[in-house]
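Please open the model in your viewer, with the sequence panel beside it, and keep a selection tool at hand. The stops below go from the whole chain to a sheet, then to a helix and a single side chain.

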Amino acid sequence: MKTVKTFRLALMVAALAAAGGAHALDNGGFMKVADTMNNTSTQPPANNAPGMPGHTEGDKEKLPAASTGAKTDASVDNAKQAVTDGSLTTKVKTKLLATKDLKSTGIHVKTKDRVVNLTGTVPSKEQHQLALDTVRSVEGVDNVKDNLKVSSR
């Protein structure tokens with residue numbers, strides 16, 4: 001009797017090994033937990049349970065196509081503007097630091113829609129004017145908001 005059980009178990013293990021994949025034993029018998037033989041896809045299968053991520057039915061965008069395109073265009077424009085503003089800020093800061101005889105470490109620069117906002121302090125009126133002239137000379141700057149303070153400390 002023990003030989004028959006051992007033979008059955010050996011036969012079952014051989015059949016499972018030939019089928020490929022990983023198997024586990026639970027209360028109801030063997031179950032397949034992974035398929036390694038015929039799975040050429042590297043992506044997990046789509047989840048078809050309602051309300052779950054990956055659910056395909058009824059998961060479409062609710063907006064009409066025209067407004068979806070406009071929304072995408074606005075997002076692209078916002079991203080381009082953020083890159084433009086960021087690069088302008090970098091250009092302005094670089095030019096301020098490179099300007100000879102300008103003590104620019106107390107100057108703070110922010111850019112929004114190509115308008116550069118300067119805050120902070122400079123040691124003299126001459127430094128103040130030099131900073132404004134330097135920022136205005138940067139290509140791409142449309143306007144400069146001057147909130148610099150002159151402080152002789």
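Helices (H or I, at least four residues) and strands (E, at least two) are here DSSP runs, numbered from the N terminus. By that count the protein has 3 helices and 5 strands, and read along the sequence they follow the pattern α-β-β-α-β-β-α-β. Before selecting anything, note that this is a predicted model, in which local features need pLDDT of at least 70 and side-chain atom pairs count only at pLDDT 80 or more, while totals for chains, interfaces and linings use all residues. Residues are numbered from 1 along each chain as its sequence is written, and side-chain values use heavy atoms, with hydrogens and water left out.

**The whole chain**

Show the surface first: the protein exposes about 11700 Å², of which carbon and sulfur atoms supply 57% (Shrake-Rupley method with a 1.4 Å probe; for residues, only the protein chains shown count as cover). Of the 153 residues, 18% count as buried, where buried means under 20% relative accessible area, exposed over 50%, and partly exposed in between (1.4 Å probe, protein chains only).

Now select 107-112, 115-122 and 143-150, which are β3, β4 and β5. These 3 strands form an open sheet in the order β3-β4-β5, with mixed pairing (two strands pair if DSSP finds at least two bridges between them). The edge strands are β3 and β5, each of which pairs on one side only, and the twist averages 10° from one strand to the next (axes are lines fitted to C-alpha atoms, for helices over the stretch in contact, and angles run from 0 to 180 degrees between N-to-C directions).

Between β3 and β4, which run antiparallel, there are 6 bridges; to find them, pick Lys110 with its partner Asn117 in β4, then Thr111 with Val116. In the hairpin of these two strands, which has 2 residues between them, Asp113 takes a positive phi near 55°. Strands β4 and β5 run parallel and are joined by 8 bridges, and here Val116 stands opposite Val144, while Gly120 has Leu148 as its bridge partner.

Turn on the side chains next. In a regular strand the side chains alternate between the two faces of the sheet.

The buried residues of α3 are Gln127, His128, Ala131, Leu132, Thr134 and Val135. Seen down the axis of α3, these buried residues fall within an arc of 160°, so they line one face of the helix (the arc is that of the directions from the helix axis to the C-beta atoms). On the other side of α3, Lys125 and Glu126 are exposed.

**A single side chain**

Finish at Val122 in strand β4, which counts as buried because its relative accessibility is 1%. Leaving aside neighbours within four places in sequence, Val122 is in contact with Ile107, Gln127, His128, Leu148, Lys149, Val150 and Ser151. The C-alpha atoms of Val122 and Lys149 are separated by 6.3 Å, although these residues are 27 residues apart along the chain.

Conventions: Contact = heavy atoms within 4.5 Å.
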